[in-house]
Amino acid sequence: MKKAVAITAATLALFAAFPAAAQFAKPADAVKYRESAFKLMATHFGRINAMAQGKVPFDAKAAQANAEVLSVIAKLPWDAFPAGSNVGNTEAKPEVWSQPDKFKSGAQLLIDNVAKLDTAARAGNLDQIKAAAGEVGKSCKACHETYKKD
Ligand code: HEC
């Protein structure tokens with residue numbers, strides 16, 4: 001009985017943290033959604049990173065536009081990991097659901113680092129963009145090491 005209460009409380013906490021969980025009709029829809037968000041994330045971050053690494057010429061306006069989009073995208077995948085969505089061709093490891101707090105703080109770290117990148121891009125300062133992009137890249141990598149199959 002006690003256990004049932006604890007599980008209910010945990011479930012409620014999860015729904016509070018992930019309010020959009022109920023928006024997916026099927027678990028597979030959540031997988032599709034988060035994978036699409038990550039693909040867009042990689043595209044927009046990749047454009048900034050290419051400038052940060054000197055692979056394409058620095059274009060302050062383009063950096064700013066991509067950072068603005070990235071700021072929105074960085075918030076999207078996390079609501080799409082509802083309980084029961086470790087299904088289909090997901091590359092997510094079970095740790096996403098067994099260590100939800102750690103996973104969430106990894107997501108928050110990314111959001112914070114992307115906000116710094118956005119500030120640097122708004123300032124049009126390539127040195128700041130390079131530093132901030134480096135930190136964003138580290139947060140992608142750190143999370144993938146624990147939570148994504150390769
Ligand atoms: C807090 C954890 C976390 C962070 C931070 C994170 N990812 Fe991921 N990423 C995942 C997980 C988990 C998956 C697997 C999703 C699935 O397949 O269900 C994934 C999948 C992906 C994929 C594969 C999508 C596909 O085609 O299926 C790409 C690309 C990706 N991430 C890029 C990035 C980039 C770029 C960043 C940083 C800007 C980033 N991720 C930050 C956890 C994270």
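Biologist: Let us start with the overall fold. How many helices and strands are there in the chain?

Modeller: The chain has six helices and zero strands. Following the sequence, the pattern reads α-α-α-α-α-α. Please keep in mind that this is a predicted model.

Biologist: What share of the residues in the chain is buried?

Modeller: Of the 150 residues in the chain, 32% are buried.

Biologist: Now the ligand. Which residues come nearest to the ligand?

Modeller: There are 22 residues around the ligand, and those that come nearest are E35, T90, C140, C143 and H144.

Biologist: Which protein atom is a donor of the iron atom of the ligand?

Modeller: The NE2 atom of H144 is the only protein donor of the iron, at 2.1 Å. H144 belongs to helix α6, which covers residues 126-147.

Biologist: And which side chains have polar atoms facing an oxygen atom of the ligand?

Modeller: For T90, a polar side-chain atom is 2.5 Å from an oxygen atom of the ligand. For E35, the corresponding separation between a polar side-chain atom and a ligand oxygen is 2.6 Å. For R34, an N or O atom in the side chain lies 2.7 Å from an oxygen atom of the ligand.

Biologist: Let us change topic. How many salt bridges does the structure hold?

Modeller: It holds five salt bridges. As background, side chains of opposite charge can pair when their charged atoms come close.

Biologist: Which residue forms a salt bridge with K148?

Modeller: The partner of K148 is E91, with 3.3 Å between the closest N and O atoms. E91 sits in the loop between α3 and α4 (95-98), while K148 is in the segment after α6, so this pair ties together parts that are 57 residues apart in sequence.

Biologist: How exposed are E91 and K148?

Modeller: E91 is partly exposed because its relative accessibility is 38%. K148 is also partly exposed, with a relative accessible area of 29%.

Biologist: Where do R122 and D118 lie?

Modeller: Both R122 and D118 are in helix α5, four residues apart, which is about one turn of the helix. They form a salt bridge in which the closest N and O atoms are 3.2 Å apart.

Biologist: Are R122 and D118 buried or exposed?

Modeller: R122 is exposed, having a relative accessible area of 52%. D118, in contrast, counts as buried because its relative accessibility is 11%, and buried means under 20%.

Biologist: Which residue forms a salt bridge with K26?

Modeller: K26 pairs with D29, and their closest N and O atoms are 3.6 Å apart. K26 is partly exposed at a relative accessible area of 48%. D29 is partly exposed as well, with a relative accessibility of 21%.

Biologist: Back to the helices. Where is S71, and what does its side chain reach?

Modeller: S71 is located in helix α3. Its side chain reaches the backbone oxygen of A67 at 2.8 Å. S71 is buried, since its relative accessible area is 17%.

Biologist: And V72, is that residue buried or exposed?

Modeller: V72 counts as exposed because its relative accessibility is 51%, and exposed means over 50%. V72 lies in helix α3, residues 60-73.

Biologist: Where is K116, and how far is its C-alpha atom from that of E135?

Modeller: K116 is part of helix α5, residues 100-123. Its C-alpha atom is 9.2 Å from that of E135, although K116 and E135 are 19 residues apart along the chain. K116 is exposed, with a relative accessible area of 54%.

Biologist: One last residue. Where is D150 found, and is it buried or exposed?

Modeller: D150 is in the segment after α6. It counts as exposed because its relative accessibility is 98%.

Definitions and conventions. Residues numbered from 1 in each chain as written. Predicted model: local features only at pLDDT ≥ 70, side-chain atom pairs only at ≥ 80, totals over all residues. Heavy atoms only, no water. Helix = DSSP H or I, 4+ residues; strand = E, 2+ residues; numbered from the N terminus. Buried < 20%, exposed > 50% of the residue type's maximum accessible area, 1.4 Å probe, protein only. Near = heavy atom within 4 Å. Polar contact = N/O pair within 3.5 Å; in protein donor to acceptor, adjacent residues only side chain to side chain. Donors = N, O, S within 2.8 Å, 3.2 Å for Na, K, Ca; no water. Salt bridge = Lys/Arg side-chain N within 4 Å of Asp/Glu carboxyl O.
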